[in-house]
Amino acid sequence: MALREIVTVGDEVLRKKAREVNRFDDKLCILLDDMAETMKYEGRGIGLAAPQVGILRRVFVVDVGDEHGLIEFINPEILSVEGEVLSEEGCLSVPGRSGCVKRPERLKVRALNRKGETFELEAEGILAVCVCHENDHLDGVLFIDKVVEQEEKD
Ligand code: NI
């Protein structure tokens, strides 16, 4: 495993739409392992999307410290959302900034794992927020585009 460099706001790769994964090979496994390591190394990270390491593929990893542990999402699709919460967010690609964003309270997501097998997950709270935030990265959307109230990070 290796740490990957995190791309920050201003780099156009963060604004592009990522492409679907169609090969479930060693290269994908290496990317997923590197992303998990990079996210954990960065400490504050609870999610990381492939465009944030310069790879325009529909892949993200999350670990919000709950019973699910690390979850890998490939070609994710949010199937349904419910409710609304205001969540305070930051992003490893937007250092030094945080802000409040409206997110669904609960959602259902379908994705593939690293073997190419489909799974579905019902998420709520911080996990739901994190899935939405990371999924936005795959479409070139950053939390700063959706902020309703902005603060300086301490
Ligand atoms: Ni982010």
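This is a predicted model: local features need pLDDT of at least 70, side-chain atom pairs count only at pLDDT 80 or more; totals for chains, interfaces and linings use all residues.

Biologist: What is the phi angle of Asn 75 near?

Modeller: Phi of Asn 75 is near 50°, which is a positive value in a residue other than glycine.

Biologist: Strand β3 also holds Phe 73. Is Phe 73 buried or exposed?

Modeller: Phe 73 has a relative accessible area of 0%, so it is buried.

Biologist: How many aromatic pairs are there?

Modeller: The count comes to 2 aromatic pairs. One of the pairs joins Phe 73 and Phe 119, with 5.7 Å from centre to centre and 50° between the planes, and this pair is tilted. Because Phe 73 lies in strand β3 (residues 71-82) and Phe 119 in strand β7 (residues 118-124), the pair ties together parts that are 46 residues apart in sequence. Ring pairs also link Phe 60 with Phe 73 and Phe 119, giving a cluster.

Biologist: Let us turn to the metal site. Which residues coordinate the nickel ion?

Modeller: The nickel ion is coordinated by Cys 91 through SG, and by His 133 and His 137 through NE2, at 2.1 to 2.2 Å. Along the chain, these donors follow the spacing C-x41-H-x3-H.

Biologist: How does the length of α2 compare with what its 12 residues should span?

Modeller: At 1.5 Å a residue, the 12 residues of α2 should span 16 Å, and the C-alpha atoms at its ends are 17 Å apart, which agrees.

Biologist: How many residues of α2 are buried?

Modeller: Of the 12 residues in α2, 11 are buried, so the helix is mostly covered. Among the buried residues are Val 129, Cys 130, Glu 134 and Asp 136. Leu 127 is another residue of helix α2, and it is buried because its relative accessible area is 4%.

Biologist: How is Leu 127 placed relative to Arg 106?

Modeller: These two residues are 21 residues apart along the chain, and their C-alpha atoms are separated by 8.8 Å. A second case is Ala 49, in strand β1 (residues 47-49). Ala 49 has a relative accessible area of 0% and is therefore buried.

Biologist: How is empty space found?

Modeller: Rolling a probe the size of a water molecule over the atoms shows where empty space is left. Here, the second largest pocket holds about 290 Å³ of space.

Biologist: Which residues line the second largest pocket?

Modeller: The lining includes Arg 4, Asn 22, Asp 25, Lys 27, Leu 31 and Ile 55. By kind, the lining residues of this pocket divide into 4 nonpolar, 1 polar and 5 charged.

Notes
Residues are numbered from 1 along each chain as its sequence is written. Side-chain values use heavy atoms; hydrogens and water are left out. Donors are N, O and S atoms within 2.8 Å of the metal (3.2 Å for Na, K and Ca); water is not among the atoms, so sites may look incomplete. Helices (H or I, at least four residues) and strands (E, at least two) are DSSP runs, numbered from the N terminus. The expected span of a helix is 1.5 Å times one less than its number of residues. Buried means under 20% relative accessible area, exposed over 50%, partly exposed in between (1.4 Å probe, protein chains only). Rings of Phe, Tyr and Trp (its six-membered ring) pair if their centres lie within 6.5 Å; planes under 30 degrees apart count as stacked, over 60 as edge-to-face and the rest as tilted. On a 1 Å grid over the protein atoms alone, a cavity is a set of points where a 1.4 Å probe fits but cannot get out, and a pocket is an open set with protein on both sides within 12 Å along at least five of seven lines; lining residues have an atom within 4 Å of a point. Grid points are joined across faces, edges and corners, and a volume is the space filled by probe spheres set on the points. Ala, Val, Leu, Ile, Met, Phe, Trp, Tyr, Cys and Pro count as nonpolar, Asp, Glu, Lys and Arg as charged, and the others, Gly among them, as polar.
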